[in-house]
Amino acid sequence: MAIEPLFLNAYFQPKLWGGRKLNTIFGYRIPDGNIGEAWAISAHPHGPSTITNGPLAGLALDDAYKEHPEYFGNPSEKVFPLLTKILDAEASLSVQVHPDDAYAEEHEHELGKTECWYVIQADPGSYLIYGHHAQTRQELADMIHQGDWDKLLRKVPVKTGDFVFVPSGTIHALNKGIMVLETQQSSDTTYRLYDYDRVDAKTGKKRELHIQQSIDVTTVPHHDPKLDITTEQRGASTFTTYVKPPISPFFSVWQWRIKDQQTMHHAQAPYTLVSVLQGDGTITADGYPYELHKGTHFIIPAQIKEWTLDGDMQIIASEPGQKE
């Protein structure tokens with residue numbers, strides 16, 4: 001029996017800041033209301049995606065990871081380590097920060113959260129909250145308690161096609177008019193620092209803040225990470241490396257701009273996560289072709305050592321970092 005790529009259906013998350021672009025841009029059949037996130041490749045219990053094809057069809061990804069470890073190279077990690085999302089920020093997200101593995105394990109009993117964004121679309125004039133201006137933890141705490149947000153928070157312009165790496169401990173927020181593909185550790189721990197005093201229409205209350213946790217985990221002072229982004233031309237196609245170990249010990253992330261037929265292999269891990277952001281094409285694996293379209297998400301499992309991509313596609317791919 002041929003081993004197939006694991007194609008996945010996303011799990012959709014309603015958010016008060018969400019919109020409808022997951023339907024209008026990607027054609028997903030999303031629930032009514034403000035849908036902020038498509039958890040496209042997810043084994044997290046708060047929103048697992050579901051395998052749609054092959055012998056594992058119908059299995060949630062977390063169950064497949066536990067019950068069929070051979071598809072993932074018989075990993076030592078107890079939980080699937082990565083989560084791929086598409087976020088539609090119709091309104092601005094809260095200003096927030098995520099813990100590292102040690103703090104998250106002690107206080108939340110899950111992984112920490114280092115993440116990164118590929119900007120699918122950004123309205124003119126869009127910006128992120130990224131980092132802060134405090135020089136000491138006491139200064140950070142004072143500015144937070146005084147609500148001196150204009151002085152504390154850094155605003156960074158962003159445009160379509162940008163890549164942003166967000167290590168744990170980085171104060172950050174997507175602002176309105178931005179859509180991203182996010183690659184992150186498989187964690188749903190978010191410490192909300194500031195939420196613009198918004199009231200949730202469903203509850204009639206302001207959303208919970210996590211002031212002390214935010215002060216505890218924020219990196220002080222802030223330093224922008226130094227990335228080594230490289231692009232390689234192969235035939236008509238281009239391959240961009242955005243981040244990899246040791247800059248990011250948790251994952252590598254690439255853009256594959258496929259314009260012709262390309263033979264591919266896993267780079268550092270036994271399996272590869274793939275998301276098609278634009279275009280159409282095929283993947284041929286174990287002798288069988290499979291159609292790919294804008295909005296397709298899948299995992300190339302460990303048993304597939306080599307595969308061929310063909311067509312005209314923009315792809316974001318990732319692999320987990322390897323534990324020592």
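Select H109 first: this residue is in the loop between α3 (101-107) and β7, where helices (H or I, at least four residues) and strands (E, at least two) are DSSP runs numbered from the N terminus. The model is a predicted one, in which local features need pLDDT of at least 70, side-chain atom pairs count only at pLDDT 80 or more, and totals for chains, interfaces and linings use all residues. Residues are numbered from 1 along each chain as its sequence is written, and side-chain values use heavy atoms, with hydrogens and water left out.

H109 is not a glycine, yet its phi is positive, at about 60°. Most residues other than glycine have a negative phi, and most peptide bonds are trans. With a relative accessibility of 62%, H109 counts as exposed; the cut-offs are under 20% relative accessible area for buried, over 50% for exposed, and partly exposed in between (1.4 Å probe, protein chains only).

D286 is partly exposed, its relative accessible area being 45%.

**Two cis peptide bonds**

Select V220 and P221 and display the backbone: the peptide bond from V220 to P221 is cis, with omega near -10°. P221 belongs to the loop between α6 and β16. Then move to P245 and P246, which are also joined by a cis peptide bond, here with omega about 5°. P246 sits in the loop between β17 and β18 (251-258).

**I229 and its contacts**

Return to the loop between α6 (211-217) and β16 (230-234), and pick I229 there. I229 is partly exposed, at 42% relative accessible area. What does I229 contact, leaving aside its neighbours within four places in sequence? The residues are T240, T241 and Y242, where contact means heavy atoms within 4.5 Å. For a distance check, draw a line from I229 to I41: the C-alpha atoms are 24 Å apart in space, and the residues are 188 apart in sequence.

**Aromatic pairs**

Show the aromatic side chains. Rings of Phe, Tyr and Trp (its six-membered ring) pair if their centres lie within 6.5 Å; planes under 30 degrees apart count as stacked, over 60 as edge-to-face and the rest as tilted. By this rule there are 15 aromatic pairs.

Select F26 and Y28, a stacked pair with 5.7 Å centre to centre and 10° between the planes. Both F26 and Y28 are buried.

Y118 and Y242 form a tilted pair, 6.2 Å centre to centre with 40° between the planes. Y118 is in strand β7 (residues 115-122) and Y242 in strand β17 (residues 237-243), so the pair ties together parts that are 124 residues apart in sequence. Y118 counts as buried at 8% relative accessibility, and Y242 is buried as well, at 7% relative accessible area.

To end the aromatic stops, select Y65, F72, F80 and Y271, which ring pairs link into a cluster.

**S318 in strand β23**

Select S318, in strand β23 (residues 306-320). Is S318 buried or exposed? S318 is buried, with a relative accessible area of 2%. Not counting residues up to four places away in sequence, S318 touches L82, T84, T183, S252, V253, W254, T272 and L273.

**The whole chain**

Zoom out and colour by secondary structure: the protein has 6 helices and 23 strands. The radius of gyration is 20 Å, close to the 20 Å that the globule rule gives for 324 residues, so the protein is as compact as a globular protein of that length; the radius is taken over C-alpha atoms, and the rule is 2.2 Å times the number of residues to the power 0.38. Along its principal axes the C-alpha trace spans about 65 × 40 × 40 Å.

Colour by burial next: buried residues make up 53% of the 324 residues. Of the contacts with a separation of 6 or more, 73% are between residues 24 or more positions apart.
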